[in-house]
Amino acid sequence: MRHVIYHCFGGTHSSVVAAAIHLGRLDRHRPPSGGALMALPLFDRGDATLWGCPRLLGEDRHGRRVYVLGRGPQGAATARALLAGFQLAGGLAGDQALLLVDTLACANTLMRVGGFLSRRLGLVRLGRPLVIWGTRRAYPRLVALVEQVERGWLGESP
């Protein structure tokens, strides 16, 4: 079985949206409304206690498991440790595979500031509108990333 893990700093914004796109829960042709984003499991929810813990969001139409991961300030180290643990557990043999997809490059300043205010400082009423606005603006980049993943590593047409 193949596994796809979309990861970003906190695991509550760009990675959640990319996973939802991958799973077909969001329309690829137009940015979601704020309400549609807030209806996603884990969007703008969670804190640092969840960093480093992959969270399963579902299986795609080919049976691949799709996860999100908040990697925190030690991003590269967290990703390496996760991959090493997967390999030690016998992953990457035969049809087993793990793909880690960094979504942070798709995040813009509005998402970063809004996420910091909402998740780190607890100023949800101030941060959440910013992160929603930023996510809607970054949406085409997130769709393009998911489609690149599907065409490249997963070998399918979106």
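Let me start with a definition: buried means under 20% relative accessible area, exposed means over 50%, and partly exposed is in between, with a 1.4 Å probe and protein chains only. Keep that for later.

This is a predicted model, where local features need pLDDT of at least 70, side-chain atom pairs count only at pLDDT 80 or more, and totals for chains, interfaces and linings use all residues. Residues are numbered from 1 along each chain as its sequence is written, and side-chain values use heavy atoms, leaving out hydrogens and water.

Now the sheet. It is open, with 4 strands in the order β2-β3-β1-β4 and mixed pairing. Strands here are DSSP runs of E, at least two residues, and helices are runs of H or I, at least four, numbered from the N terminus. Two strands pair if DSSP finds at least two bridges between them.

β2 pairs with β3 (residues 65-70) in the antiparallel sense, over 4 bridges. There, G58 stands opposite V66.

Next, the helices. α1 (residues 14-22) lies across β1, β2 and β3, at about 145° to β1. α5 (residues 124-151) packs on the sheet and touches β1 and β4. Contact means heavy atoms within 4.5 Å.

Last, one loop. L42 sits between α2 (34-38) and β2. Its phi is near 80°, positive in a residue other than glycine. L42 is partly exposed, because its relative accessibility is 22%. D44 lies in the loop between α2 and β2, with phi near 55°. D44 is buried, at 1%.

Methods. Axes are lines fitted to C-alpha atoms, for helices over the stretch in contact, and angles run from 0 to 180 degrees between N-to-C directions.
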